[in-house]
Amino acid sequence: MSLQAVLWDMDGTLVDSEKVWAEVQIELLGSLGAIWTVEDCLQLVGSDLRDAVKVWMARIPDGVITAEALAERMFGEVIEALRREVEFRPGAMELLQALRKEDVPCALVSASYRLMIEAVLTHLPPDLFDVIIAGDEVTNGKPHPEPYLTAAAKLGVDPTQCVVIEDSNTGTEAGTAAGAYVVAVPQWVTIPEAPRRLVVDSLEPLTPESLRTLLH
């Protein structure tokens with residue numbers, strides 16, 4: 001087997017945006033009468049945004065805000081924060097640029113919506129990703145394999161010969177269900193060891209060659 005492509009998650013994997021999400025959730029939901037904690041935020045790490053809105057609405061008193069208005073406010077505040085500044089996860093940019101140098105195709109496969117992804121991409125060199133799959137562009141979000149299967153199809157590659165890089169259990173499950181080898185770099189949650197899965201503390205030691213070795 002050969003490494004045909006690397007499929008990247010965004011939030012918490014490429015960029016350290018989970019803390020931005022947590023800050024916005026706690027402040028906004030609190031202002032709407034909900035009790036929302038860091039622990040609650042952790043439960044939603046890696047979740048599809050449509051599922052997250054349902055959880056948020058269940059905590060807010062009835063009649064305070066509609067789901068559509070909540071989504072618009074939440075997403076708008078996160079987007080503004082991401083446009084101002086993003087912090088890349090250790091080793092992520094170096095690995096991404098090394099893969100590009102060796103002409104290994106890369107896809108960005110995020111539960112975040114396209115507008116949020118575009119806010120992050122303003123901080124990146126152009127053309128690092130050959131394909132981008134946003135959460136609002138698939139029918140089934142992670143942990144369903146559809147996002148990763150869609151990315152592999154658009155790249156024209158076999159998902160079983162791809163490496164998925166993730167930080168959440170939902171994303172890891174999506175990559176595994178798609179048939180890919182998963183490199184998990186957890187930050188906020190614990191991800192167990194499993195077949196065709198490598199759990200690492202950081203992306204810093206990884207190289208294109210080490211990813212190829214995983215598939216052999």
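The radius of gyration is taken here over C-alpha atoms, and the rule for a globule is 2.2 Å times the number of residues to the power 0.38. For the 216 residues of this chain, a compact globule would have a radius of gyration near 17 Å, and the chain, at 17 Å, agrees with that. The model is a predicted one. Along the principal axes, the C-alpha atoms fill a box of roughly 55 × 35 × 30 Å. The chain holds nine helices and six strands. Of its 216 residues, 54% count as buried. The accessible surface comes to about 9700 Å², and carbon and sulfur atoms account for 53% of that surface. Among contacts between residues at least 6 apart in sequence, 65% join residues at least 24 apart.

Strands 1 to 3 are taken up next. Strand 1 (residues 5-8) pairs with strand 2 (residues 106-109) in the parallel sense, and three bridges link the two. In this pairing, W8 has L108 of strand 2 as its bridge partner. Strand 2 also runs parallel to strand 3, to which three bridges join it; here V109 stands opposite I133 of strand 3. Between strand 2 and strand 3 the chain passes through helix 6, and this β-α-β crossover is right-handed. The side chains of strand 2 are divided between two directions, with C106 and L108 pointing one way and A107 and V109 the other. All four of these residues are buried.

Strand 4 (residues 162-166) and strand 5 run parallel and are joined by four bridges, with E166 placed opposite A184 of strand 5. Strand 4, helix 8 (residues 169-177) and strand 5 form a right-handed β-α-β unit. Strand 5 (residues 181-184) is covered on both faces: Y181 and V183 on one side are buried, as are V182 and A184 on the other. Strand 5 pairs in turn with strand 6 (residues 197-199), again in the parallel sense, over three bridges. The bridge partner of V183 in strand 6 is L198.

In soluble globular proteins, nonpolar side chains tend to be buried together. The largest nonpolar core in the model has 60 residues, of which W8, W56, F75 and F129 touch the most other members. Helix 4 (residues 67-84) supplies the largest share of this core, eight residues. Beyond residues up to four places away in sequence, W56 touches W21, Q25, L29, W36, L44, L70, M74 and F75. Another core, of 18 residues, lies apart from the largest one and includes A5, V109, A174 and A180.

Helix 7 (residues 146-155) has E146, P147, Y148, A151, A152 and L155 as its buried residues. An α-helix has 3.6 residues a turn, so residues three or four places apart point the same way. The cover over the buried residues of helix 7 includes strand 1, strand 2, strand 3 (residues 131-133), strand 4 and helix 8. Helix 7 is followed by G156, which has a positive phi near 75 degrees. The peptide bond joining K142 and P143 is cis, with omega about 15 degrees.

The loop between helix 5 (residues 92-101) and strand 2 contains V104 as well as D103. V104 has a relative accessible area of 4%, and is therefore buried, given that the cut-off for buried is under 20%. Apart from neighbours within four places in sequence, V104 is in contact with L3, A5, V6, L99 and R212. The C-alpha atoms of V104 and V6 are 7.3 Å apart, although the two residues are separated by 98 residues along the chain. D103, by contrast, is exposed, with a relative accessible area of 63%. D103 is not a glycine, yet its phi is positive, at about 60 degrees. A positive phi, near 65 degrees, is also found in D127, another residue other than glycine. D127 lies in the loop between helix 6 (residues 114-121) and strand 3. With a relative accessible area of 64%, D127 is exposed.

Notes. Residues numbered from 1 in each chain as written. Predicted model: local features only at pLDDT ≥ 70, side-chain atom pairs only at ≥ 80, totals over all residues. Heavy atoms only, no water. Buried < 20%, exposed > 50% of the residue type's maximum accessible area, 1.4 Å probe, protein only. Pairing = 2+ DSSP bridges. Right-handed = clockwise from strand over helix to strand, strands pointing away. Core = buried A, V, L, I, M, F, W, Y, C linked by side-chain atoms within 4.5 Å. Contact = heavy atoms within 4.5 Å. Areas by Shrake-Rupley, 256 points an atom, 1.4 Å probe, with all protein chains shown as cover.
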